[in-house]
Amino acid sequence: MNKKTVSLLFYLFALLPFLTACSEISENERLVEVQPDIAPQPDEPEPEDSAAIDSLYEAPVEAVARRILIEDHTGQKCPNCPDATDITHQLAELYGNLIIPVAIHSKDLGIMEPEGLGNELGNTYYAHWNITSKPAGLISRMDGGAGVVMDKTLWAMATQYILQQPTSLDIRIKAAQQKDDATHAAIDVKVICTDSAGAAVNGKLQVWLTEDSIVAEQDFPNGQHQADYVHNHVLRTAVNGTWGEDVSVSGFADTREFHYDAPLAAGWKPGNLAVVAFVYNDEQVVQVARRKLNVEK
Amino acid sequence: MSNNRHHPIAAIATIAAIVSTVLLPLAANAQDDDKITLSGSIQSDMLLPQSDKDIGAEKTEDFQTNTYVDLFLQHKDFEAGARLEYLEHPLPGFDDSGFKGWGVPHYYVKGKLDWAELTVGTYYEQFGSGLILRTYEERSLGIDNSLLGGRLVLRPTKGLQLKALGGRQRRYWEHNKAWLTGADVELGLDEWMPALQRHDMRLTLGGSWVNKHENPNDDHIPVLRNGKSYELNLPRYVNAWDARINLNIKDWSVLAEYAQKTDDPQYVNGYIYKKGSAALLSTSYSRKGLSLLLQAKRSENMASTSRRTENSTHNASSINHLPAFTLDQTYALAALYPYATQTTDGEWAYQAELGYNFKRKTALGGKYGMNLKVNYSYVRAIDRQFENGYTGNAIGGQTALAGTGGYTSKFFKWGDQTYYQDLDIQLSRKFTKDFKLNLMYMNQRYNITQIQQHKGGIVHCDIFVADGSYQLARNTILRVEAQYLSTKQDQGDWVFGLAELSLAPHWMFTLSDMWNCGDNDPYMRAGEDNTHYHYYQALVTYNIGSHRLQAGYGRTREGINCSGGVCRKIPAQKGFTLSYNYNF
């Protein structure tokens with residue numbers, strides 16, 4: 001090759017970087033405010049007494065908003081998991097009780113019962129969804145394009161999307177510690193079709209018990225450790241089996257009612273328990289509801 | 001079938017077409033100087049797993065294997081290659097989402113002239129030390145981040161090499177959407193300046209540039225702040241450049257390299273908008289019987305991926321590689337706490353290595369000579385002053401940093417944490433015609449919290465190794481290893497023993513056991529105590545020609561497997577193993 005060709009090639013190479021542009025984004029342009037299609041919702045207070053609970057349980061059937069189940073696969077030895085919990089808190093601040101988080105503790109990066117919050121139920125769900133790292137979440141079990149298991153950075157986006165989707169179901173819950181047997185809870189769940197066109201909804205009803213305000217240890221990034229971290233909405237047990245039971249409703253106001261007598265383990269604090277009930281099919285969680293366990297004072 | 005049903009078929013069809021239409025006719029008509037040669041290799045590692053509650057090994061499948069078959073056709077003017085991978089039932093630890101599958105993910109055709117080379121298909125490339133681009137395959141870590149596209153290499157004149165490339169990066173059985181383009185120039189100035197040659201000097205200048213084009217609309221990264229909802233305004237382009245100079249004067253060699261990249265908000269750095277940089281200085285001296293290496297490196301926010309939402313903990317989508325300034329250990333206990341380069345958090349790393357050969361027939365060298373090798377590595381955090389009230393250790397974590405500049409850092413200031421330190425002394429001496437002994441002592445400080453995200457802080461170890469081999473007969477060698485690791489932290493002390501009998505040229509029998517004899521981990525809880533277990537292995541190896549077959553049975557400890565500062569977590573496992581290798 002002669003010198004002229006070599007020089008030309010060299011200059012062509014030197015120019016290559018200029019064929020593409022830079023993307024300088026100034027400091028005040030990094031965040032773009034977006035208006036959620038669903039306006040922020042105030043958190044409705046829990047009904048205080050059995051009369052108020054009965055009233056909500058028996059209220060006339062009407063179309064309801066879609067609520068979101070966040071299955072937060074977490075662990076006490078998972079340093080990055082409090083970040084994910086933080087995201088569920090922020091979402092709950094924005095959307096009130098449309099957001100129903102459940103913290104599922106399991107063996108991986110967790111501490112198993114009785115010392116910790118992990119349990120076999122959590123292990124089963126963790127294995128079923130083929131989760132390989134924590135934190136990981138399922139947002140109403142909807143496939144976001146890369147599977148139903150989502151990284152925490154995608155939760156807010158998925159939540160905003162699902163909240164815009166209509167639902168044909170309402171779920172109502174009535175739950176109280178039994179007066180004559182404090183070791184059991186009486187739980188009633190109604191699954192109601194709210195589709196005015198009368199379309200059928202088939203799926204499985206799953207009923208869980210969760211517990212709030214559990215003070216236990218938690219790891220944080222860079223080796224930090226907090227002995228008295230407050231864990232909320234921790235999955236304790238499945239009331240109607242690991243995968244729930246069949247439910248089918250068709251036609252406006254068509255209702256199926258389920259009754260459960262759920263044993264309460266000795267270590268649980270009944271006043272901090274809540275019932276989470278949801279209906280799911282192969283594609284998603286169609287509707288979810290939550291009600292605190294009513295404890296007679 | 002693989003997760004991607006199209007690639008294997010397309011690739012096999014492409015290869016078949018190339019072979020049938022181009023290569024085979026040429027091969028049939030080939031003259032002696034124009035012949036096509038076929039070469040390749042098979043590697044298959046298999047496990048029949050068993051559950052073992054004691055060590056936490058779980059049997060999830062009846063049979064697991066990582067199997068690779070490589071084929072290459074070579075001619076003086078062109079080359080073609082392909083690799084079949086069968087990873088449908090991968091070995092334990094290779095359970096990343098997306099890893100499973102089988103097919104032909106690697107395939108290429110390369111045309112060659114004296115001064116030019118054009119590759120089309122998948123290929124591997126490294127610019128300089130890899131600070132801004134390194135694509136490579138490392139099977140033991142499940143890494144193959146090749147590029148699919150084209151690469152042109154020109155050597156128009158002596159002392160000048162130009163490279164240009166473009167493509168999309170492999171991520172398991174798919175290719176990421178981002179387009180990578182790059183160019184590299186290397187000038188061997190000594191070829192053009194006779195004065196340098198006269199003084200036995202070689203001077204090479206190098207410069208590289210890599211551009212990542214990733215559509216900002218492909219990802220919506222929501223940020224919730226003060227009760228308001230935001231999305232990140234993501235950059236469409238990320239540019240990185242690298243400049244280097246390498247000077248060799250007689251026995252001395254000096255390499256200085258600096259790389260920088262533009263703001264690259266991505267999952268691995270918590271979506272911060274901050275430039276990344278890496279600087280490296282390496283000096284070495286080598287003459288017969290003596291070698292010296294001194295090097296230092298500083299990196300800051302240089303993790304680079306071709307998929308901004310990449311959250312893999314297994315280095316998927318990684319574009320670059322920062323060399324580790326620590327030794328890759330081969331002895332079992334010396335490799336128990338391996339260092340992983342902190343590409344995201346950044347690090348200051350230093351290494352000094354001395355090799356000296358004591359001559360034969362001297363007081364220390366003895367009849368056959370003695371080799372001494374001393375290595376010292378020290379890796380330290382860089383200074384980081386975080387924005388947004390985040391301290392780097394605070395509750396709330398990295399989500400608070402998304403969309404900010406992250407942190408500022410003074411170049412020469414250290415952070416307050418030591419990540420890694422080791423002093424490694426190795427002596428190798430042949431005492432008699434039949435007996436050779438290697439001795440090693442290593443003093444190690446390992447920040448298990450930073451490196452493995454495991455509680456415990458600094459683990460301080462003293463490791464002793466004795467490795468002796470004795471030639472029992474003309475074709476029979478017995479090698480014995482004894483190792484001891486002493487520490488008051490983590491899981492306490494370990495002891496390891498190995499005996500290996502080689503019956504050349506075919507057979508080798510190996511027995512080993514690693515036993516955790518310590519009991520010092522204050523973080524182990526009831527039911528999770530994994531101390532005092534034996535991790536035994538028995539292996540039989542048979543070699544014939546280019547074939548190597550190894551069968552074994554035993555337990556493997558849960559741990560991390562590292563190579564060059566890149567690591568993969570491997571779970572505990574137990575069972576029958578079979579390994580087959582063939583090169584042709």
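Among contacts in chain A between residues at least 6 apart in sequence, what percentage join residues at least 24 apart? The share is 70%, a contact being a pair of residues whose C-beta atoms, placed from the backbone, lie within 7 Å.

This is a predicted model, in which local features need pLDDT of at least 70 and side-chain atom pairs count only at pLDDT 80 or more, while totals for chains, interfaces and linings use all residues. Residues are numbered from 1 along each chain as its sequence is written, and chains are lettered from A and ligands numbered from 1 in the order in which they are written.

Chain A contains five helices and 15 strands; these are DSSP runs numbered from the N terminus (helices: H or I, at least four residues; strands: E, at least two). Three of the strands form an open antiparallel sheet in the order S6-S7-S13. Strands pair if DSSP finds at least two bridges between them. Because S6 (169-177) and S13 (255-263) of chain A each have a single partner strand, they stand at the edges, and one side of each is left without a neighbour in the sheet. S6(A) pairs with S7(A), residues 184-193, over nine bridges, and Ala176(A) stands opposite Ala186(A) in S7(A).

In chain B, Ala482(B) belongs to strand S25, residues 476-487. Ala482(B) counts as partly exposed because it has 14 C-beta neighbours inside 10 Å; a residue is buried with 20 or more other C-beta atoms within 10 Å of its own, exposed with 12 or fewer, and partly exposed in between, with C-beta atoms placed from the backbone. Not counting residues up to four places away in sequence, Ala482(B) touches Ala466(B) and Gly497(B).

Notes: Two residues are in contact if their C-beta atoms, placed from the backbone, lie within 7 Å.
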